[in-house]
Every structure is written in structure tokens, then in C-alpha cells.
Amino acid sequence: MDSGANNTRDTITLCKKAAESGADVAIVIAPGYYSFGLPQPALKQFFLDVASASPIPIMIYNFPAASGGIDLDSQTISELARESPNICGVKLTCGAVGKLTRITAATATEEFKQYPRKSKVAPEFVTLGGFADFLAPTVAGGRAHGAIMGLGNIYPKSLVHLLELSLSAKETESFADLRKAIELQDLVAGADDSFAKAGISGTKWWLNKHEGYTNGRVRRPLLDFSAEKGAALEKDEAVLKLMKVEKSL
């Protein structure tokens, strides 16, 4: 459950409400309103304070575009992983593959086992990407656990298949699975770019028209997706290519 707020007290309150509502984990974004005055040490203390007071594990949500440009660096995230047993992972919606690699190098190791997690619900520190366009290389070629992706709303079967191929290529050293994963990743990257440009309103418009989602409207200040833009999205080559794969699975 998303429990981010623009100050420490309110963020802790939301984490407690999430726990009361039955959530297993709270995902917490940096307080973007104060982006002008939050160096990395202040950000680190924010997450340590929240994690210490939260009754459930928290996951760091590093999303600069949605937090006033705040971008946690890999050192800060790695330090948080070591210093707080109630931080169960990080979602990197910053698109920084190098950062993801550095964090997994610091946490997905035998040495890191001396820093156990607090909760059995989240027994290890999980590193996740936030976009679909680099899922295969981060899983097949690294130690990341996967991703939380908006594109999963449109192409759930394709993304599960991509994850399975990537894991198989990594675990069995299968060149055939690696080749299939790379080919599918190319299609996923194209569709991810198209829907990223369409934004939240475009995604909801698509789900409303093509997947029976009850409402395609978005909350203000976002604007609804126009029929003209929708028609262009329906003709987008990258969107159609991956949809062909989705329907075949």
C-alpha cells in the first residue's frame, strides 16, 4: 500500500493505517514538497524514522518524477538496507540500471545475511525495477528480483512470460531462452515507451475501452485522454506488436 506523505509524522500515520487495513508492506516515496532542502542524509533519516515507527515493513519508492526530483543514490539506499531491518526493499522508478546493479551488489550477497529483515512477511531485501523496458537484463544478467511496472496493466501475460524466460536463461544458462527473452524485451521496451508517453490517462483509456475497466476518467489535475489520442495509440506499431504476443499467450 502506498503510504507516502510530505512529512515524517503523516507518513508514519499512513503506514499504521495501512497495517490496520491488512497491508503486509507499505511503499514509501520521498517527501517531494521539501525537495529543495533534503540532502541525502536528511532523506536517509526520513526513511529510518518511518521504518522504525511503522508496524509493517516498508519499501523505498525512488521515483524522482513524482517526488520533486528527489533521487536517492545507491549508497544511501544500501546504507538504509543495512541499518534498518524493517526496510524490505526498493522500487527504482528512476531508470538507473547502474544504480540497481550497485544496490544488488551490496545486498544480494552472503555477507548481507548478517543484516536480517525484521519481518517474516519480507524475509529478504528485494530490489525491483520500476519500468518494463529493462526487465530482462536486470534479471537475466544481474541479481534483481523483478519489477513493479505500469505496463503490467496492459500486457500481464507478456511480462510474466518475459520474467520466466529471463529467470530460465539465468538459472539454466539456456541460450535459447536468452534469445527469446531479448526478442520479447525489445517488443516490451517499445510498448513501454508508447504507454509512458500516453501516461496514466492513456493507460486508463485503454483499459476502459479494451479490457472492460469501468471508468477511463482520471482524477484532476490530470486530463482525460482524448479520442484522437486514443485512435493514434490503437495504431501504434509497438503497441500492436506486443498485443499480438499478449493474445497468443
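Trainee: Which residues is Asn7 in contact with, leaving aside its neighbours within four places in sequence?
Mentor: Those are Pro31 and Phe46, where contact means heavy atoms within 4.5 Å. Keep in mind that this is a predicted model: local features need pLDDT of at least 70, side-chain atom pairs count only at pLDDT 80 or more, and totals for chains, interfaces and linings use all residues. Residues are numbered from 1 along each chain as its sequence is written, and side-chain values use heavy atoms, with hydrogens and water left out.

Trainee: And where does Asn7 lie?
Mentor: In the segment before α1 (8-20); helices (H or I, at least four residues) and strands (E, at least two) are DSSP runs, numbered from the N terminus.

Trainee: Why does Asn7 count as partly exposed?
Mentor: Its relative accessible area is 26%; buried means under 20%, exposed over 50%, and partly exposed in between (1.4 Å probe, protein chains only).

Trainee: New topic, the sheet. What is the order of the five strands?
Mentor: The order is β1-β2-β3-β4-β5, in an open sheet with parallel pairing; two strands pair if DSSP finds at least two bridges between them. The edge strands, β1 (26-29) and β5 (146-147), each pair on one side only.

Trainee: What does helix α4 touch there?
Mentor: Helix α4 (residues 97-107) packs on the sheet against β2 (58-62), β3 and β4, and its direction makes about 170° with that of β4. Axes are lines fitted to C-alpha atoms, for helices over the stretch in contact, and angles run from 0 to 180 degrees between N-to-C directions.

Trainee: How many bridges join β2 to β3?
Mentor: Five, with the two strands parallel.

Trainee: Is β3 enclosed or open?
Mentor: Six of the six residues of β3 are buried, so β3 is largely enclosed by the rest of the structure.

Trainee: What about the largest pocket, what volume does it have?
Mentor: About 640 Å³. On a 1 Å grid over the protein atoms alone, a pocket is an open set of points where a 1.4 Å probe fits, with protein on both sides within 12 Å along at least five of seven lines; lining residues have an atom within 4 Å of a point. Grid points are joined across faces, edges and corners, and the volume is the space filled by probe spheres set on the points.

Trainee: Which helix gives the most to the lining?
Mentor: Helix α7 (residues 175-210), with eight residues.
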